[in-house]
Amino acid sequence: MALRYDAGEVITAMVTPFNSKREIDYNKAEELARYLISHGSDALLVAGTTGEGPTLTHEEEFELLSTIKRAVANKAKVIMNAGSNSTETAVLSAKWAQKEGVDAILSVVPYYNKPSQKGMIEHFSAVAESVDLPVIIYNIPGRTGVNMLPETVAALAEKYENIVAVKQSYADMDMITEMKICCPENFSVYSGDDSLTLPMMSLGARGVISVASHIFGSEIKSMIRNYKTGEFLAAVNMHKKLYPVFRKLFMAPNPVPVKAALAHKGIMEDFVRRPLVELTQIEKKDLFMVIDEVNND
């Protein structure tokens, strides 16, 4: 059965480049988008948590989206973060994203106010009914304080054809199995954590919404391709090779380490917006040692 919506196997949750004044560097954003799609990314997620979306103004989001769409030029899909812990705001964000011509939106479980499962269904129902866009729902209990259950995902997937996928950032493989059992066959599951990509794919996940693909996008794409073509040992070996980087990129709040890694590669500066702060020199040395070891392996 064909997928409801195919965003590809590697979706990069793209960082937002800043200059030393913490202003968006749109030229660097355009360069980074081109770099990513030439190094394994099938789609780019704009203004998510990795993109420091909570610190961006609406005007910045608009210009950033326009910049990324121009850079991509139909070579990859562009997905917009349109989530909020306010249902009305999430609906307005989804409508705005549709007006701006994005390919799909990502909408997170409401954070901080910790809704019930029924509340989640009502929230995502309002979002899905407000647009014709494909909607990827996002479960990340570590940030939202509440876990969206497989039966909730299944209820939404059954009811709304435009709820096309879930991004699952929770290391519970039983939940992935339950989702694959109870959700429609054409509904996609994406790993929201790089280190869980291969384990989740063994249970039927489509791919990953990735942070590490900024640095090792081609390798992650190769790992997924090898798995899907039956080259299981090659896929496992790549997973094992990249695993130290997967873990180290979360040594500090995301996207601080991956921005430092991009600066280490000479792609962009590592400036972040408060309340985030850049890595210390000792932390950078620790991160770069791991990255260089993987590169030299």
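Q: Two strands pair if DSSP finds at least two bridges between them; how many bridges join strand S7 to S8?
A: In this predicted model, with local features needing pLDDT of at least 70, side-chain atom pairs 80 or more, and totals for chains, interfaces and linings using all residues, 2 bridges join S7 (residues 188-191) to S8, and the two strands run parallel. Numbering starts from 1 along each chain as its sequence is written, and side-chain values use heavy atoms, without hydrogens or water.

Q: Which residue of S8 is the bridge partner of serine 191?
A: Valine 208 in S8 is the bridge partner of serine 191. Valine 208 is also the bridge partner of valine 10.

Q: How many bridges join strand S1 to S8?
A: S1 (residues 10-13) is joined to S8 by 3 bridges, and these strands run parallel. Isoleucine 11 has isoleucine 209 of S8 as its bridge partner.

Q: In what order do the strands close into a barrel?
A: Strands are DSSP runs of E, at least two residues, and helices are runs of H or I, at least four, numbered from the N terminus. Here 8 strands close into a barrel in the order S1-S2-S3-S4-S5-S6-S7-S8, with parallel pairing. From one strand to the next, the twist averages 25°.

Q: At what angle do helices H1 and H2 pack?
A: Axes are lines fitted to C-alpha atoms, for helices over the stretch in contact, and angles run from 0 to 180 degrees between N-to-C directions. H1 (residues 26-37) and H2 pack at about 40°, and their axes are 9 Å apart. H1 is therefore oblique to H2 (under 35 degrees is roughly parallel, over 145 roughly antiparallel, 65 to 115 roughly perpendicular, the rest oblique).

Q: How much space lies in the largest pocket?
A: A pocket is an open set of points on a 1 Å grid over the protein atoms alone, with protein on both sides within 12 Å along at least five of seven lines. The largest pocket holds about 1200 Å³ of space. It is lined by 49 residues, and the closest to its centre are Gly48, Thr49, Thr50, Tyr138 and Arg143. Elements giving two or more residues to the lining include helix H2 (58-72), strand S8 (207-210) and helix H10 (232-248).

Q: Which element gives the most to that lining?
A: H3 does, with 4 residues.

Definitions and conventions
On a 1 Å grid over the protein atoms alone, a cavity is a set of points where a 1.4 Å probe fits but cannot get out, and a pocket is an open set with protein on both sides within 12 Å along at least five of seven lines; lining residues have an atom within 4 Å of a point. Grid points are joined across faces, edges and corners, and a volume is the space filled by probe spheres set on the points. Two strands pair if DSSP finds at least two bridges between them.
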